[in-house]
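Reader: I have some time to look through a new model with you. Could you walk me through its packing, one question at a time?

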Amino acid sequence: MSSDARPIRVVGISGSLRKGSYNTMALKAAMELAPEGMTIEAAEIGDLPHYNDDVRLAGYPPEVERFRAQLAAADAILFVTPEYNYSIPGVLKNAIDWASRPPSQPFDNKPVAIMGASMGVLGTARAQYQLRQMLVFLNAFPLNKPEVMIGAAQTKFDASGALTDEATADFIRQLLTALATWTERLR
């Protein structure tokens with residue numbers, strides 16, 4: 001990022017609520033590896049109620065208002081998704097459903113990066129592609145490359161949750177640098 005560029009504020013969303021989630025660990029690693037001029041703030045999605053359009057029509061719950069405002073204020077979004085049954089987890093879909101409703105859905109024209117971690121060898125490939133399909137409808141602008149699919153995640157983080165694999169750290173750095181460039185380009 002050039003010295004005259006504005007700071008880039010990214011909201012990171014882990015699609016896992018599990019205490020020892022490799023995806024939340026990967027999001028924390030991304031927060032530490034962000035390039036100069038970029039900050040990544042984690043969004044809380046575990047407290048969002050199940051999506052119900054009757055509730056929405058009566059008024060967004062405070063947790064949803066907070067989440068939508070956090071996304072709207074961000075310059076870019078980083079999704080870090082596990083893969084459940086060849087797809088994204090229900091909790092992440094629920095968050096997207098709440099945020100995507102009118103008025104002023106906050107994904108519109110927003111630069112987005114995607115990564116994910118799993119114990120399997122494909123590293124959330126299928127979930128990431130399904131998320132990309134949703135982003136088309138939401139009129140978000142997903143970064144095409146690099147793709148970060150962290151396979152065998154159990155070998156890449158230590159017991160405290162710190163990323164220990166330098167190759168994975170490099171992939172995350174490349175993704176975040178590309179997101180910074182993409183965000184500047186779309187501004």
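Reader: Which residues do ring pairs link into a cluster?
Author: Happy to start there, bearing in mind that this is a predicted model. The structure holds four aromatic pairs. Ring pairs join three residues into one cluster, namely Y51, Y60 and W98.

Reader: Which charged end sits over the ring of Y51, and at what distance from its centre?
Author: Y51 belongs to the cluster with Y60 and W98. An arginine also has its charged end over the ring of Y51. That residue is R101, and the distance to the ring centre is 4.8 Å.

Reader: And what is the distance from the charged end of R18 to the centre of the ring of Y22?
Author: Y22 is one of the buried residues of α1. The charged end of R18 sits over the ring of Y22, and its distance from the ring centre is 5.5 Å.

Reader: How far does helix α1 reach from its first C-alpha to its last?
Author: Helix α1 covers residues 22-33, which makes twelve residues. At 1.5 Å a residue, a span of 16 Å is expected. The model comes close to that, with a reach of 16 Å.

Reader: At the start of α1, which residue has a side-chain oxygen within 3.1 Å of the backbone nitrogen of N23?
Author: N23 is itself buried, as are Y22 and M25, among others in α1. The oxygen that reaches to within 3.1 Å of the N23 backbone nitrogen lies on the side chain of S21.

Reader: Why is β3 described as largely enclosed?
Author: Side chains in a regular strand alternate between the two faces of the sheet. In β3, A76, L78 and V80 are buried on one side, and I77 and F79 are buried on the other. β3 is largely enclosed by the rest of the structure because its buried residues number five of five.

Reader: Which residue of β4 is the bridge partner of I77?
Author: β3 runs parallel to β1, with five bridges between them, and there I13 stands opposite F79. β3 also runs parallel to β4, joined by four bridges. In β4, the partner of I77 is V112.

Reader: What is the bridge partner of V10 in β2?
Author: β1 is mostly covered, with six of its seven residues buried. β1 and β2 pair in the parallel sense over five bridges. The β2 partner of V10 is I40.

Reader: Is I45 buried or exposed?
Author: I45 lies in the loop between β2 and α2. Leaving out residues up to four places away in sequence, I45 touches I13, S14, G15, L17, F67, V91, L92 and A95. The C-alpha atoms of I45 and F67 are 7.5 Å apart, although 22 residues separate them along the chain. With a relative accessible area of 3%, under the 20% cut-off, I45 is buried.

Reader: How many of the ten residues of α4 are buried?
Author: The buried residues of helix α4 are L92, N94, A95, I96, D97, W98 and A99. What covers them includes β1, α2, α3, β3 and α5. Helix α4 is mostly covered, and the buried count is seven.

Reader: To finish, what is the relative accessibility of T168?
Author: T168 is part of helix α6. Beyond residues up to four places away in sequence, T168 touches I150, K156 and L163. T168 counts as buried because its relative accessibility is 5%.

Technical notes. Residues numbered from 1 in each chain as written. Predicted model: local features only at pLDDT ≥ 70, side-chain atom pairs only at ≥ 80, totals over all residues. Heavy atoms only, no water. Helix = DSSP H or I, 4+ residues; strand = E, 2+ residues; numbered from the N terminus. Buried < 20%, exposed > 50% of the residue type's maximum accessible area, 1.4 Å probe, protein only. Contact = heavy atoms within 4.5 Å. Phe/Tyr/Trp six-rings, centres within 6.5 Å; stacked < 30°, edge-to-face > 60°. Lys NZ or Arg CZ within 6 Å of the ring centre and 35° of its normal. Expected span 1.5 Å × (residues − 1). Polar contact = N/O pair within 3.5 Å; in protein donor to acceptor, adjacent residues only side chain to side chain. Pairing = 2+ DSSP bridges.
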